[in-house]
Amino acid sequence: AESLDIYHALGAVAFIMFESQYWEWYQICAWVVGIIAALEILSRVVMIAQPFFSVIPAKGKPLDELATIDLCYIWFNRLCTPVFTFQVIQFCWYSSQVVWALDSLGILNTLGAMVAMFIVYDFFYAIYHRSLHIRGIYKYIHKHHHRQTVPTRGNVDAINVHPVEFVMGEYNHLLVMYLVSRVIEIHVLSVLLFLLIGATLASLNHTRFDIQVSKLFQVKYHDIHHWYPYANFGQYTMLWDHVFGWFKDYPTPTSAE
């Protein structure tokens with residue numbers, strides 16, 4: 001008989017656990033608390049990196065005090081995350097295009113799939129983000145996020161957005177998983193990496209850490225968007241900003257601003 005590897009064992013546990021119609025109230029509470037706690041741990045781990053990087057100069061006045069509306073949005077968005085995570089795991093379990101077996105790991109269905117998901121995600125996100133800056137829409141949704149011109153808090157500033165914006169951004173991940181899995185078979189590990197790396201990058205984008213990974217990822221690129229909201233609409237990469245002509249590089253000390 002074919003041995004049951006650890007990935008499929010985890011999948012079996014997920015299948016049993018996610019029969020939500022049989023959950024008691026305490027199981028629902030445990031799931032919600034567990035996911036929010038995991039995100040809080042990730043957020044704090046990201047902020048630990050502060051001493052290892054130089055600081056991006058502030059261009060503007062930071063939003064030092066969070067208002068009641070900020071806290072309401074932050075907590076609503078946090079509470080949406082367990083629902084989103086639940087549905088991601090359900091998709092991974094039920095989709096015939098997502099594999100769990102350890103012996104099915106390959107470069108294409110892990111690294112290749114993950115890179116494809118980041119690229120496709122930012123294609124939709126950059127266009128969506130740009131549309132939120134349309135004059136007739138901006139004041140109703142995205143303006144709230146731009147109250148913070150100098151992001152400092154990492155994940156807290158990242159999720160301090162209007163709930164409509166947050167939910168659309170979150171479920172873009174799920175849409176991308178589905179679309180990429182229609183083209184190539186993806187491994188569940190690629191989904192895990194996509195979400196964990198994505199959450200980390202989104203948090204870093206809202207810090208003052210001068211992190212640069214060549215031209216692939218720089219915190220400065222998103223920092224520009226907060227004080228010059230007409231450029232750099234991508235979340236994880238500036239690929240599509242270059243394609244659509246929306247990219248703005250960080251000014252050097254000798255360049256004119």
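Colleague: What relative accessible area does Y26 have?
Modeller: This is a predicted model: local features need pLDDT of at least 70, side-chain atom pairs count only at pLDDT 80 or more, and totals for chains, interfaces and linings use all residues. Residues are numbered from 1 along each chain as its sequence is written; side-chain values use heavy atoms, without hydrogens or water. Buried means under 20% relative accessible area, exposed over 50%, partly exposed in between (1.4 Å probe, protein chains only). Y26 counts as partly exposed, because its relative accessible area is 48%.

Colleague: Is W25 buried or exposed?
Modeller: The relative accessible area of W25 is 62%. Therefore W25 is exposed.

Colleague: How do the rings of W25 and Y26 pair?
Modeller: The structure holds 19 aromatic pairs (Phe, Tyr or six-membered Trp rings with centres within 6.5 Å; planes under 30 degrees apart are stacked, over 60 edge-to-face, the rest tilted). The centres of W25 and Y26 lie 6.0 Å apart, with 85 degrees between the planes, so the pair is edge-to-face.

Colleague: What kind of pair do Y121 and Y125 form?
Modeller: The rings of Y121 and Y125 sit 5.7 Å apart, centre to centre. Their planes make an angle of 15 degrees, and the pair is stacked.

Colleague: Which helix holds Y121 and Y125?
Modeller: Both residues are buried. Y121 and Y125 lie in residues 108-131, helix α4.

Colleague: Which residues form one aromatic cluster with Y121 and Y125?
Modeller: Buried residues of α4 include F118, Y121, Y125 and Y128. Y121 and Y125 share one aromatic cluster with F118, Y128, F194 and Y236.

Colleague: How far does α4 reach from its first C-alpha to its last?
Modeller: α4 has 24 residues.

Colleague: What do the buried residues of α4 pack against?
Modeller: Among the buried residues are N109, M114, M117, D122 and H129. Their partners include strands (E runs of at least two residues): β1 (98-99) and β2 (186-187). The helices they pack against are α7 (163-183), α8, α9 and α10 (239-244).

Colleague: Which residue makes a polar contact with the side chain of H226?
Modeller: H226 lies in helix α9 (residues 219-227). H226 is buried, because its relative accessible area is 3%. Beyond four places in sequence, H226 touches (heavy atoms within 4.5 Å) H145, H146, Q148, T149, P151 and H206. A polar contact (donor and acceptor N or O atoms within 3.5 Å; residues adjacent in sequence count only through side-chain atoms) of 3.4 Å joins the side chain of H226 to that of H145.

Colleague: Where is R208, and what is its relative accessibility?
Modeller: R208 sits in the loop between α8 (188-204) and β3 (212-213). R208 counts as buried, because its relative accessibility is 10%.

Colleague: Which ring has K59 over its face?
Modeller: A charge sits over a ring if Lys NZ or Arg CZ is within 6 Å of the ring centre and within 35 degrees of the ring normal. K248 lies over Y228, at 5.0 Å from the ring centre. K59 lies 5.3 Å from the ring centre, over the face of W227.

Colleague: How many helices and strands does the protein chain have?
Modeller: The chain has 257 residues, and 46% of them are buried. Along the sequence, the pattern is α-α-α-β-α-α-α-α-β-α-β-β-α-α. The secondary structure comes to 10 helices and 4 strands.

Definitions and conventions. Expected span 1.5 Å × (residues − 1).
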